[in-house]
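Trainee: Could you walk me through this model before I start working with it?
Mentor: Gladly, let me put it up first.
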Amino acid sequence: METIIQSVFSGILMGCIYALIALGLSLIFGVMNVVNFAHGNFVMLSMYFTFWAGSLYKIDAIFSPIITFPLLFLFGILVYHGLIKQTLQEHYTIQIAVTVGLMTFLGAITQLVWQARPRALAYSIVQGTIRFGSYTIALSRLISAIISLIIIMIISYFLAKTWPGMAIRATSDDSNAASLMGINFQRTYALAFALGSGLTAIAGGLLMTFQQVDPTMGLRFGLLSFCILALAGLGSITGLVISGLIVGISESLAMTFWDPRARTLVIYLIFILVLWFKPRGIFGRK
Amino acid sequence: MLPEPILKTLELTKSFGNLIAVNNIEIEINRGEIVGLIGPNGAGKTTFFNLVTGLEAPDKGQVVFKGVNIVSMPPHKICKLGMSRTFQITRSFGEMSVEDAIRVGAYNRLGENEVQKKVDEMVEFFELGDIRKTKCSDLGLASLRKVEVARATATEPELLLLDEVGAGLTSVELIKLMAELKKLNQETEVTLCVVEHVMQMVMGLCERIFVLDAGKLIAKGMPDEISNNQKVVEAYLGRRSYIESDVAC
């Protein structure tokens, strides 16, 4: 019993970070209907940047988003204007080809620059554990989960209450109608892409407080976020968080009771089941 | 000399494959008037609206709005210049509340401090108080159309294009909407151009009417002249039964 609770709890903590990653993908997909296959590699890239910031400049991973967020935000704008914008009018297979190409390219670059071996930071100020009775929780994971939820709430507020957020929602509902209401949807697309990309910087920083990064991670985080998005459907941030938790908990239970190597398998399984029975997601729009 | 028209099209032409949807259309709309654009299905009315609002680019010709040729200008800039529209098939922001949808329009010209005032003003004018917090996707057709007009009006346009805003409304709803549009035109001096199938609406509301058929402008004039115009009767009004059924629904 204790093992189950411990496992579920660590799944919940991971699930919050997963939800943050998927939120970035959801923003991009929701607004411009482009599936960014390179999204997982953006997370990986952020983790490597965090590694650099930590190992070269002694910046703690938890604070690294102060630098990596603007960097990835800018990167998002460049990718949007350089690659995505040109494909918006094209068939979706071309968009897939472009983002898969970007994924491969980023994967190759990271291997070249940081080699294939795992990289990790030795120290973060959020190290240590907390004990609740007989349960132990790594402080870094707890803090990361809390920060993830806070960021998700901030984005949620941004979308609901601010003008750029409303422009994003209006454009995602109907880009033509939005443009006739005076919204420059090219700029809105670029903002959504940059924000989606920027969020991976925060996730990358949080992840690096307790785990290492290697060049296979991109694919895993990409897959994770597709699965969460498929589970959640579009349009509900609460749904996204719950889906993140479902994926996090399933993964954690699989690792505890089955085999640590089964984590990806379980995610694939959820993905397939959702596409099979609930192709529009559990919480999505009608 | 007559004052400069607010909107003028010159040799406006657009084809899709072999079909010429809009063929050499030249019209002028004067400031402050309410004009109608009618024609049978497939006459090119919606395409004409799309060309004017920048959603589609014409093959040939000019759209001159307030003295500026706006062909190839993106829609949001045209909106900033002072033109807005509604859609035949309602395209409200389904995931947003009525209030938020109108707020999106209001941000076109206004800053953070004035937006709320504008939203309240629109909600009051179009009598949307009861549904201001309702999600657009939960609304019925009559309310949706009103929200679209309110949203477009909130952008503070000088020219407002209404695409079949009366379609699918009951005659009671229609009369109410017409009264609101007339009041809007008188109070804000906004120029209205309505594309309509519903003849009751066109004849009751418009001061001048343009008739399109198969992409061409076949007649223009006052409502009385139009209903007695032989060409128009043949192309459109001749199909009495069709029109009556349209009004009835």
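Mentor: We will go through some strands, some helices, the contact between the chains and a few loop residues.

Trainee: What should I know about the model and its numbering?
Mentor: This is a predicted model, in which local features need pLDDT of at least 70 and side-chain atom pairs count only at pLDDT 80 or more, while totals for chains, interfaces and linings use all residues. Residues are numbered from 1 along each chain as its sequence is written, and chains are lettered from A and ligands numbered from 1 in the order in which they are written.

Trainee: Is strand β8 of chain B buried or exposed?
Mentor: Five of the five residues of β8(B), residues 159-163, are buried, so the strand is largely enclosed by the rest of the structure. Helices (H or I, at least four residues) and strands (E, at least two) are DSSP runs numbered from the N terminus. A residue is called buried if 20 or more other C-beta atoms lie within 10 Å of its own, exposed if 12 or fewer, and partly exposed in between, with the C-beta atoms placed from the backbone.

Trainee: Which residues sit on which side of β8(B)?
Mentor: Leu159(B), Leu161(B) and Asp163(B) are on one side, Leu160(B) and Leu162(B) are on the other, and all of them are buried, which covers both faces.

Trainee: And which strands does β8(B) join?
Mentor: Strand β7(B), residues 83-85, runs parallel to β8(B) and is joined to it by three bridges, with Arg85(B) standing opposite Leu161(B). Strand β9(B), residues 191-196, is also parallel to β8(B), over five bridges, and there Leu160(B) has Leu192(B) as its bridge partner. Two strands pair if DSSP finds at least two bridges between them.

Trainee: What unit do β8(B) and β9(B) make with helix α6(B)?
Mentor: Together with α6(B), residues 171-188, they make a right-handed β-α-β unit; right-handed says that, with the strands pointing away from the viewer, the path from the first strand over the helix to the second runs clockwise.

Trainee: Switching to β10(B), what does that strand pair with?
Mentor: Strand β4(B), residues 34-38, is joined to β10(B), residues 208-213, by four bridges in the parallel sense, and Leu37(B) stands opposite Phe210(B). With β11(B), residues 216-221, β10(B) pairs in the antiparallel sense over five bridges, among them the one between Asp213(B) and Lys216(B). The hairpin of β10(B) and β11(B) has two residues between the strands, and Ala214(B) takes a positive phi near 50° there.

Trainee: Okay, helices now: which residues of α4(B) are buried?
Mentor: In α4(B), these are Val115(B), Lys118(B), Val119(B), Met122(B) and Val123(B). They cover an arc of only 135° around the axis, which puts them on the same side of α4(B); the arc is that of the directions from the helix axis to the C-beta atoms. The face turned away from that buried side carries the exposed residues Asn113(B), Glu114(B), Lys117(B) and Glu124(B).

Trainee: What covers the buried side of α4(B)?
Mentor: The cover includes α3(B), residues 98-106, and α5(B), residues 141-154, where contact asks for C-beta atoms, placed from the backbone, that lie within 7 Å.

Trainee: How many residues does each chain give to the contact?
Mentor: Chain A gives 15 residues and chain B gives 23 residues. On the chain A side, the largest share, five residues, comes from α6(A).

Trainee: How covered is α6(A) itself?
Mentor: Eight of its eleven residues are buried, so to speak mostly covered, including Met166(A), Ile168(A) and Arg169(A). What covers the buried residues of α6(A) includes α1, α5, α7 and α8 of chain A together with α3 of chain B.

Trainee: Last topic, where are Asn33(A) and Gln115(A) found?
Mentor: Asn33(A) is found in the loop between α1 and α2 of chain A, and Gln115(A) in the loop between α4 and β1 of chain A. Phi of Asn33(A) is near 60°, a positive value in a residue other than glycine, and phi of Gln115(A) is likewise positive, near 60°.

Trainee: Are they buried or exposed?
Mentor: Asn33(A) has 13 other C-beta atoms within 10 Å and is therefore partly exposed, whereas Gln115(A), with 11 other C-beta atoms within 10 Å, is exposed.

Key. Two residues are in contact if their C-beta atoms, placed from the backbone, lie within 7 Å.
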